[in-house]
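Hi everyone, thanks for making time this morning. I have one structure to walk you through, so let me put it on the screen.

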Amino acid sequence: MACAAARSPADQDRFICIYPAYLNNKKTIAEGRRIPINKAVENPTATEIQDVCSAVGLNVFLEKNKMYSREWNRDVQYRGRVRVQLKEEDGSLCLVQFPSRKSVMLYVAEMIPKLKTRTQKTGGGDQSLQQGEGSKKGKGKKKK
C-alpha cells in the first residue's frame with residue numbers, strides 16, 4: 001500500500017478509467033451504468049468519450065483493446081476505455097470543474113449527443129429505404 005501512495009497522481013496508471021458502459025442508457029446499474037438513466041447516452045463509444053474529454057482540456061488517452069468486465073458483448077463497438085487525468089503532480093485538480101470521477105462522467109454524457117458524429121446521422125433513413133425496396137422485389141417474385 002505504501003508503494004501506491006508513493007506514486008504521483010500524474011502517473012498514467014493513476015488516471016481514472018471511464019468505460020462506455022458507465023454512460024450507456026441501455027445498461028442497468030447491475031450491468032455497469034454509473035450515472036442516472038435520464039442523463040445517460042445511447043451506446044457511447046470510447047472514442048466519443050475521448051473526443052469530449054480532450055476538447056474540454058483534460059489529459060486523456062484511449063486504450064482500444066480493453067474490455068469492461070461486465071460487458072458480455074465482445075464487438076468492437078463495446079471495446080475500449082478512456083483514462084483521464086484528474087489531478088496534477090502536486091495533487092491539485094487539473095480542472096476545477098471536474099473534482100471527481102462522477103463529475104467527468106456526467107459532463108461527458110451531456111456532451112456526447114452534441115458531437116458532430118451524433119448530430120449528422122441522417123444516413124439511417126437511406127438504409128431503411130433500400131431495405132423497403134428489397135422487400136418489394138421479393139414480394140414480386142413470389143408465385144401464387
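Predicted model: local features only at pLDDT ≥ 70, side-chain atom pairs only at ≥ 80, totals over all residues.

The protein chain contains 5 helices and 3 strands, and going along the sequence you read α-β-α-β-β-α-α-α. Of its 144 residues, 31% are buried. The exposed surface comes to about 9,700 Å², with carbon and sulfur atoms supplying 51% of that area.

Now to the interior. In soluble globular proteins, nonpolar side chains tend to be buried together. Here, the largest nonpolar core has 27 residues. Which of them touch the most other members? They are Ile-18, Leu-23, Ile-49, Cys-53, Val-84, Val-104 and Val-108. As for the elements, strand 1, helix 2, strand 3 and helix 3 each give two or more residues to this core. On your screens, strand 3 is 81-84 and helix 3 is 101-111.

Let me stay with helix 3 for a moment. Its buried residues are Ser-103, Val-104, Met-105, Val-108 and Ala-109. What covers them includes strand 1 and helix 2. Leaving aside residues up to four places away in sequence, Val-108 touches Leu-23, Ile-49, Val-52 and Cys-53.

On to the loops. Asn-43 is in the loop between strand 1, at 16-18, and helix 2, at 46-56. Asn-43 is not a glycine, yet it has a positive phi of about 45°. Why does Asn-43 count as partly exposed rather than buried? Its relative accessible area is 22%, and buried means under 20%, so Asn-43 falls on the partly exposed side of that cut-off.

The other loop residue is Glu-88, located between strand 3 and helix 3. Glu-88 is partly exposed too, because its relative accessibility is 34%, and a residue has to be over 50% to count as exposed. How far apart are the C-alpha atoms of Glu-88 and Asp-11? They are separated by 9.2 Å, while the two residues are 77 residues apart along the chain.

Methods:
Residues numbered from 1 in each chain as written. Heavy atoms only, no water. Helix = DSSP H or I, 4+ residues; strand = E, 2+ residues; numbered from the N terminus. Buried < 20%, exposed > 50% of the residue type's maximum accessible area, 1.4 Å probe, protein only. Core = buried A, V, L, I, M, F, W, Y, C linked by side-chain atoms within 4.5 Å. Contact = heavy atoms within 4.5 Å. Areas by Shrake-Rupley, 256 points an atom, 1.4 Å probe, with all protein chains shown as cover.
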